[in-house]
Amino acid sequence: MKQQKVIIVGGTSGIGRSLGEKYAIANWKVGITGRRLDLLSSFKEKFPDQAEYECFDVTAEHTLPHLEKLITKLDGLDLLIISAGTGEPSKELSWAIDKLTVDTNVKAFIEIANWAYNFFRAQGHGHLVTISSVAANRGGSHAPAYNASKAFQSSYFEGLSIKAKKTNRRIIITCIEPGFVDTKMAKGEGIFWLIPVEKAADQIIRAIKRKKVKVYISRRWWIIAKIMRWSPGWLYNRVG
């Protein structure tokens, strides 16, 4: 049986790292990317026969050649997961926070997603996944740019999914919308239904295997998504 290959963009920590480890244990060839060479190297050391990496910042220029090089190292690509992202509370509406959020979660995201979709289209098959957020379902005063950027990601992937179904059903598009996962991204007050990163990764892998279009992690977060989407403004404004 042909060994499958996955690239995880943003695989040095959190959900991305956990996904990479689980795929490596399952005997996939795993390529990870990130800014921190020490964490990339430690992943390679842990899985010397399974892992490859490329060290770069997704917000820098000329990132795509790194992904192309990683595909060469893996000798192919079946699955690409975009896990790179940032999100900071912005109580005073900091321009620095907003700019970094958009540069990472919108500009870098769409460059990689667009490239990956076209790579899979030319190849004739492939599976493209993004780790978005339940925050995509409504604006939020605590981190306005973060919610908006995740809405962009989820909407873009919905469009890609429709496009893939119209043109090539062998290209699968999956959008993951986690709630609170126990990583450094879980910040601020009012955190609830916090789940371990290992549990989140297991549920994400199951969703990918089942070729789901959209999944909430954990599954009960679909309730919050529905409440956010359908709450009238006067009510949502009290908590948003």
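Which residue forms a salt bridge with Arg-17, and how far apart are the closest N and O atoms? The partner is Glu-21, and the closest N and O atoms are 3.4 Å apart; a salt bridge here is a side-chain nitrogen of Lys or Arg within 4 Å of a carboxyl oxygen of Asp or Glu. This is a predicted model, in which local features need pLDDT of at least 70 and side-chain atom pairs count only at pLDDT 80 or more, while totals for chains, interfaces and linings use all residues. Residues are numbered from 1 along each chain as its sequence is written, and side-chain values use heavy atoms, with hydrogens and water left out.

**Overall build**

- The protein has 8 helices and 7 strands; helices (H or I, at least four residues) and strands (E, at least two) are DSSP runs, numbered from the N terminus.
- The radius of gyration is 17 Å, close to the 18 Å that the globule rule gives for 240 residues, so the protein is as compact as a globular protein of that length. That radius is taken over C-alpha atoms, and the globule rule is 2.2 Å times the number of residues to the power 0.38.
- Taken along the principal axes, the C-alpha atoms fill a box of roughly 55 × 40 × 35 Å.
- Of the 240 residues, 50% are buried; buried means under 20% relative accessible area, exposed over 50%, and partly exposed in between (1.4 Å probe, protein chains only).
- Among contacts between residues at least 6 apart in sequence, 64% join residues at least 24 apart, where contact means heavy atoms within 4.5 Å.

- All 8 of the 8 residues of strand β6 (residues 171–178) are buried, so the strand is largely enclosed by the rest of the structure.
- Ile-171, Ile-173, Cys-175 and Glu-177 point one way from β6, and Ile-172, Thr-174, Ile-176 and Pro-178 point the other way.
- Strand β5 (residues 126–131) runs parallel to β6 and is joined to it by 6 bridges; two strands pair if DSSP finds at least two bridges between them. Leu-128 has Ile-173 of β6 as its bridge partner.
- Strand β7 (residues 214–217) also runs parallel to β6, with 4 bridges between them. Here Cys-175 stands opposite Lys-214.
- β5, α5 and β6 make a right-handed β-α-β unit. Right-handed means that, with the strands pointing away from the viewer, the path from the first strand over the helix to the second runs clockwise.

**Lys-150, a buried charge**

- Lys-150 is found in helix α5 (residues 144–167).
- Lys-150 is buried yet has no salt bridge, and the nearest side chain of opposite charge, Glu-177, is 9.7 Å away. Lys and Arg count as positive and Asp and Glu as negative; His and the chain ends are not counted.
- Leaving aside neighbours within four places in sequence, Lys-150 is in contact with Asn-105, Ile-131, Ser-132, Ser-133 and Ala-136.

**Salt bridges**

- The structure holds 10 salt bridges.
- Arg-17 and Glu-21 both lie in helix α1, 4 residues apart, about one turn of the helix, and both are buried. Together with Lys-46 they are linked in a network of salt bridges.
- Lys-22 forms a salt bridge with Glu-198, with the closest N and O atoms 3.0 Å apart. Lys-22 lies in helix α1 and Glu-198 in helix α6 (residues 197–209), so the pair ties together parts that are 176 residues apart in sequence. Glu-198 is partly exposed, with a relative accessible area of 38%.
- Asp-103 and Lys-107 meet in a salt bridge (3.6 Å, N to O) and both lie in helix α4 (residues 95–123). Asp-103 counts as buried at 16% relative accessibility, whereas Lys-107 counts as exposed at 53%.

**Leu-19 in helix α1**

- Leu-19 is found in helix α1 (residues 14–25) and is buried, with a relative accessible area of 0%.
- Not counting residues up to four places away in sequence, Leu-19 touches Ile-8, Ile-81, Ala-201, Ile-204 and Ile-205.

**Backbone points to check by eye**

- The peptide bond from Ile-217 to Ser-218 is cis, with omega near -10°; Ser-218 is found in the loop between β7 and α7 (221–230).
- His-62 has a positive phi of about 60° although it is not a glycine. His-62 is found in the loop between β3 (51–55) and α3 (64–74) and is exposed, with a relative accessible area of 62%.
- Asp-75 has a positive phi of about 65°, and is not a glycine either. Asp-75 has its place in the loop between α3 and β4 (79–82) and is exposed, at 61% relative accessible area.
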